[in-house]
Amino acid sequence: MSDIIQLLPDHVANQIAAGEVVQRPASVVKELLENAIDAQATYIKLIIKEAGKTLIQVIDDGLGMSDTDARLSFERHATSKIKTAEDLFELDTKGFRGEALASIAAIAHVDLKTRQEKDEVGTTIQIEGSEVVTQEVCVTPKGTSISVKNLFYNIPARRNFLKSNTVELRHIIDEFHRVVMAHPFIRFDMYHNENEVFNLPIVNHRQRIVNVFGGKTNEKLVPIKEETDLVTISGYVGKPQYAKRTRGEQFFFVNDRYIKSPYLNHAVNAAFEGLLKEKTHPSYFIYLTVDPKSIDINIHPTKTEIKFEDEHALYAMLRSSIKHSLGQFNVAPVLDFNRDASMDTPYDYKGKVAQTPTIEVDRSFNPFKDEKISGGSSSENKTYTSFKKETPASWENLYVGLESETTTPKQEENSFSSVEFESAEVTGSLFEDNEKQIGHHTTYQLKKKYIVTTIKSGMVIINQHRAHERILYEELLRNITMASAVSQQLLFPLVLSFTTREIELLNTVKEQLENAGFVFGEAADESVEISAIPSATSEQEVPMLIEKLLEDLNSEVPESGYSQTDVLAKSIAKSIAVKTGVVLPAEQLQYMANSLFACTEPTITPDNKPTFITLTVDEIDKKF
Ligand code: ADP
Ligand code: MG
């Protein structure tokens with residue numbers, strides 16, 4: 001029989017290797033981020049489109065590559081990180097196999113731009129399915145930008161195998177978490193479909209964890225610290241009472257590399273023995289530093305599993321150091337001086353608790369009370385309860401607030417909370433020297449949609465729905481953070497049906513909902529009882545409101561940017577804001593305008609749409 005064995009062509013070998021290295025868009029994200037870190041970047045930007053299916057781009061300000069290296073970097077087994085087999089035992093880089101770029105280039109359209117600091121111009125290379133399409137000189141900032149487009153375009157089976165965007169994005173965010181938490185000294189930004197998902201400044205480990213998982217995380221962490229000849233252990237475990245039903249936040253890092261280790265996970269659980277409720281899992285963020293010689297990372301292509309030389313000793317040390325910390329914590333609660341309250345909600349309401357106004361307000365005052373709203377068919381006969389009196393009652397108050405800043409600082413303490421005060425500053429120019437006119441302003445409703453009012457420089461046209469959304473959003477944020485909402489008791493509790501999955505989701509935000517003014521009664525397997533609702537909502541809109549909320553919570557990227565509180569406030573505000581088509585009586589128009597300009601960010605809705613426009617007299621003059 002003749003010889004039948006032949007060497008596979010490179011591009012086929014690369015595609016096969018890609019199968020191991022690149023399972024999904026998240027794998028590409030991991031490899032590119034790691035390359036940027038290895039290139040000593042201090043600022044790394046991740047840009048994703050369509051959950052990575054159309055674009056994954058990583059831009060770094062690292063060392064960059066020469067033109068020859070740029071070309072070579074796509075060859076298989078091409079690496080600058082090791083030279084000899086011995087180097088494998090001295091690794092201080094993430095990569096070393098020289099496979100990632102070759103694999104990625106075999107199954108996508110890749111666009112590379114790179115420049116070293118010493119060079120005046122850089123290199124750009126386009127590769128499609130391992131074929132170099134172009135290589136040219138180009139003008140580009142120092143560092144490297146790699147765009148990976150149309151992943152698996154030439155392997156339809158793999159492309160079809162990808163999950164929904166929500167699932168793939170979740171995988172990407174998981175990888176992103178793992179990388180950014182190991183490297184708090186590098187700044188990271190992440191964008192998805194042009195929206196900023198993360199913006200992580202350079203901080204310490206604890207703050208990075210808090211920035212990633214939200215302000216509430218801080219108080220849940222117990223630090224651990226242990227130093228022996230074998231290993232240095234540092235990081236945090238979650239307090240037992242915050243253990244979760246899902247194993248979400250469990251992270252081991254070894255020499256700044258995220259790893260999976262069922263064995264060490266067992267050690268952590270052993271340390272928590274007797275402290276956890278059944279079926280709950282502790283959070284942990286544990287950083288181990290060991291001699292690179294004592295580990296073998298080379299056992300898996302994605303390098304998330306490693307072998308320790310002395311696993312048993314490590315197990316024992318980890319368990320005892322966590323036990324020790326938990327014990328200490330039980331005796332003396334941990335004081336934390338690094339706390340940054342502004343991380344809790346967008347506008348730092350938490351920090352403002354101390355400044356809660358002492359001014360007397362008539363809490364029963366409600367300009368919307370018992371007003372039958374006419375117009376808009378769906379809201380016919382609906383009673384609208386709305387803003388509370390804490391917002392200034394007229395333009396004059398706004399003006400007084402402004403004035404007190406410069407002339408009578410004492411008054412400021414006595415005036416409304418600084419939330420309003422700050423905003424008065426923002427829109428200050430609008431009302432400047434407007435004192436005389438203020439008393440005579442006129443406010444109209446236009447087409448059951450806009451609120452029109454005059455200011456010194458001309459006129460303001462406010463979108464009633466959007467403005468109300470902004471007002472309610474800030475009020476909800478404040479209420480949820482400071483647990484200061486006012487509830488209205490329902491005569492008969494509402495019983496709403498949900499799936500178990502929905503109830504689970506509701507449970508994750510129960511505390512915030514209670515802070516917002518909901519009171520829950522009995523929860524059965526598939527229904528929830530609500531006995532009180534926020535004073536600004538009406539009973540009829542609650543089912544729809546909760547349904548929308550569940551939808552929003554579901555589609556929102558988990559733990560992105562601000563907390564769930566933000567998602568919650570946005571969603572509820574949108575649901576209960578007065579709709580277009582609703583006729584508003586004069587005092588409500590006035591109230592709406594006043595409350596809007598008392599907001600911290602009056603110009604836009606929570607999802608960045610303009611709430612009002614101004615038309616200056618100049619602009620009007622030009623039209624004549
Ligand atoms: P590895 O990281 O295992 O060395 P890769 O295929 O990921 O293999 O990258 C190949 C080589 O390309 C790296 O060794 C490095 O020299 C170079 N390289 C890749 N990405 C970058 C980057 N962002 N900045 C500078 N050099 C890079
Ligand atoms: Mg690499």
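## The shell around ligand 1

Helix 2 (25-38) and helix 4 (100-106) each contribute at least two residues to the shell around ligand 1. Helices (H or I, at least four residues) and strands (E, at least two) are DSSP runs, numbered from the N terminus. The model is a predicted one, in which local features need pLDDT of at least 70 and side-chain atom pairs count only at pLDDT 80 or more, while totals for chains, interfaces and linings use all residues. Residues are numbered from 1 along each chain as its sequence is written, chains are lettered from A and ligands numbered from 1 in the order in which they are written, and side-chain values use heavy atoms, with hydrogens and water left out.

There are 19 residues around ligand 1, and those that come nearest are Asn35, Thr79, Ser80, Lys81 and Gly98; a residue is near a molecule if one of its heavy atoms lies within 4 Å of it. Sorted by class, the shell holds 7 nonpolar, 8 polar and 4 charged residues. Here Ala, Val, Leu, Ile, Met, Phe, Trp, Tyr, Cys and Pro count as nonpolar, Asp, Glu, Lys and Arg as charged, and the others, Gly among them, as polar.

## Polar contacts and burial

Which residues make polar contacts with oxygen atoms of ligand 1? Thr79 places a polar side-chain atom 2.5 Å from an oxygen atom of ligand 1, and a polar side-chain atom of Ser80 also lies 2.5 Å from an oxygen atom of the ligand. At Ala100 a polar backbone atom is 3.3 Å from an oxygen atom of ligand 1. A polar contact with the ligand is a pair of N or O atoms within 3.5 Å.

Taken alone, ligand 1 exposes 530 Å², and the protein buries 92% of that. Such areas come from the Shrake-Rupley method with a 1.4 Å probe.

## The pocket that holds the ligand

Ligand 1 sits in the second largest pocket, where sitting requires more than half of its atoms to lie within 2 Å of the grid points. On a 1 Å grid over the protein atoms alone, a pocket is an open set of points with protein on both sides within 12 Å along at least five of seven lines, a cavity is a set where a 1.4 Å probe fits but cannot get out, and lining residues have an atom within 4 Å of a point.

This pocket contains about 790 Å³ of space. Its lining has 36 residues, and the closest to its centre are Asn35, Met65, Ser73, Ser80 and Lys81. Helix 2 provides the largest share of the lining, 6 residues. The lining comprises 15 nonpolar, 11 polar and 10 charged residues.

## Cavities

The structure has 5 cavities of 30 Å³ or more. A volume is the space filled by probe spheres set on grid points, which are joined across faces, edges and corners. The largest cavity has a volume of about 100 Å³. Of its 12 lining residues, Glu475, Leu476, Asn479, Pro534 and Ala536 are the closest to its centre. Helix 15 (residues 464-482) gives the most to this lining, with 4 residues.

The second largest cavity has a volume of about 80 Å³. Helix 6 (165-182) is among the elements that supply at least two residues of its lining, and the largest share, 4 residues, comes from helix 6. By class, this lining has 4 nonpolar, 1 polar and 7 charged residues.

Conventions
Polar contact = N/O pair within 3.5 Å; in protein donor to acceptor, adjacent residues only side chain to side chain.
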